[in-house]
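Have the sequence and the 3D view open as you read.

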Amino acid sequence: MSKEDRIGGGANERTLIDVVQRVSQHITRALTATPQDVRQARQALDFTGATHQGRLDLSVAANLLILWAQPIALVLAPAELVDATRQEAMLLHGIVWRFDQLQQLIMAITADLDDAGLRDLVLLTGGHHAAALDVLGGRRAYEDTSTVVAATDTQTPHQAKYQYAAIALAAAAAAGDPVRFDNMLARLDNRPDRTEAVTATLALLIRCAAASTYMIHPTDPVVELADPRLPDPATDEFLAAWPSDSGGYRLVRDAITSSNRYFAYRQRPPRPIDVPAADEAAPTVRYAATVVARYRDRVIAQAVRDQAAALDPDQPAP
């Protein structure tokens, strides 16, 4: 079987996604443990569906590398990747600059690797992914942020494409690291598709912020300018690291209000989100990410309560 066949072949797409997610979860859990459990991480590469004729399936390896490389390239600075191999460096460069040629890129990266080398590359990249989660507040905090953002409907393929960026930025805001947040935003803005990347990430963050605020305050959807339900740019511990920017705050607030009026009253579909001017893009993304971060734990807790209520046999049927 050729490498081209192995990248897209094997089990159907749904099964492949399931296998990749299961392997990723086990490896991430093992490599974020204290101490790291490299043996368990290595064993996960032999899960059912992850191998083909005793070798790590290239389609599984390729999807793991892509899944992990996206947040790595956004979150970690080059100085934090000094042990990266040539292959991983090619991957991290390509994930930003050659995203439309990933199949060819993966083939080039793995061309000279035997099965042991491919497994080592996957585990090295998995280790750097674990390091990225570490600086974003840890695996559990990152997974909670991911759950909240991923539950938000994406209106366009572009928003789905940059979901990882919205998750990472919201996690950085929750972790309270303004320097890393600014560095991440600068990397996103430095992509060749910078306009699409920033706009799509902002749109998803605002939709998530709107859905989160409405979930917690469904009976009062109108968000005022100085609404105490939203973080105050002047006093919020994270936002206070920058000069206050009312323009970005107002854009996010108006978008939340528009969306929540629709959720509550179905008066009209939420209007398209205004694209901020270049000098307002950073504070707007920063504020939207902070709203998601501040509501994250309450949304998770409410979802748990809703699930418990749905399973309660004493609750009346809807």
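## Pockets, in plain words

A pocket here is an open set of grid points with protein on both sides within 12 Å along at least five of seven lines. Its volume is the space filled by probe spheres set on those points. Keep in mind that what you're looking at is a predicted model.

## The second largest pocket

At least two residues each come from α4, α5 (86-97) and α11 (178-189). Sorted by class, the lining has 15 nonpolar residues, three polar ones and two charged ones.

## The largest pocket

Now for the top spot: the largest pocket holds about 1,000 Å³ of space. There are 29 residues in its lining, and Q21, S24, L67, S146 and Q163 sit closest to the centre.

You'll find at least two lining residues from each of α2 (13-31), α4 (58-75), α7 (115-135), α8 (139-150), α9 (157-161) and α10 (163-175). Helix α2 gives the most, with nine residues. As for the classes, 14 lining residues are nonpolar, 10 are polar and five are charged.

## The nonpolar core

Next, the packed part. The largest nonpolar core has 91 residues, and within it I27 and F181 have the most contacts. Helix α4 brings the largest share of this core, 13 residues.

What does I27 touch, once its neighbours within four places in sequence are left aside? The list is A41, A44, L45, W68 and L123.

## A closer look at T152

Finally, head for the loop between α8 and α9, where you'll find T152. Is T152 buried or exposed? With a relative accessible area of 8%, T152 counts as buried, because the cut-off for buried is under 20%.

The side chain of T152 reaches the backbone oxygen of V148 at 3.4 Å. Not counting residues up to four places away in sequence, T152 also touches L204, R207 and C208.

Definitions and conventions:
Residues are numbered from 1 along each chain as its sequence is written. This is a predicted model: local features need pLDDT of at least 70, side-chain atom pairs count only at pLDDT 80 or more; totals for chains, interfaces and linings use all residues. Side-chain values use heavy atoms; hydrogens and water are left out. On a 1 Å grid over the protein atoms alone, a cavity is a set of points where a 1.4 Å probe fits but cannot get out, and a pocket is an open set with protein on both sides within 12 Å along at least five of seven lines; lining residues have an atom within 4 Å of a point. Helices (H or I, at least four residues) and strands (E, at least two) are DSSP runs, numbered from the N terminus. Ala, Val, Leu, Ile, Met, Phe, Trp, Tyr, Cys and Pro count as nonpolar, Asp, Glu, Lys and Arg as charged, and the others, Gly among them, as polar. A nonpolar core is a set of buried Ala, Val, Leu, Ile, Met, Phe, Trp, Tyr and Cys residues joined through side-chain atoms within 4.5 Å. Buried means under 20% relative accessible area, exposed over 50%, partly exposed in between (1.4 Å probe, protein chains only). Contact means heavy atoms within 4.5 Å. A polar contact is a pair of N or O atoms within 3.5 Å; within protein, one must be able to donate a hydrogen and the other to accept it, and residues adjacent in sequence count only if both atoms are side-chain atoms.
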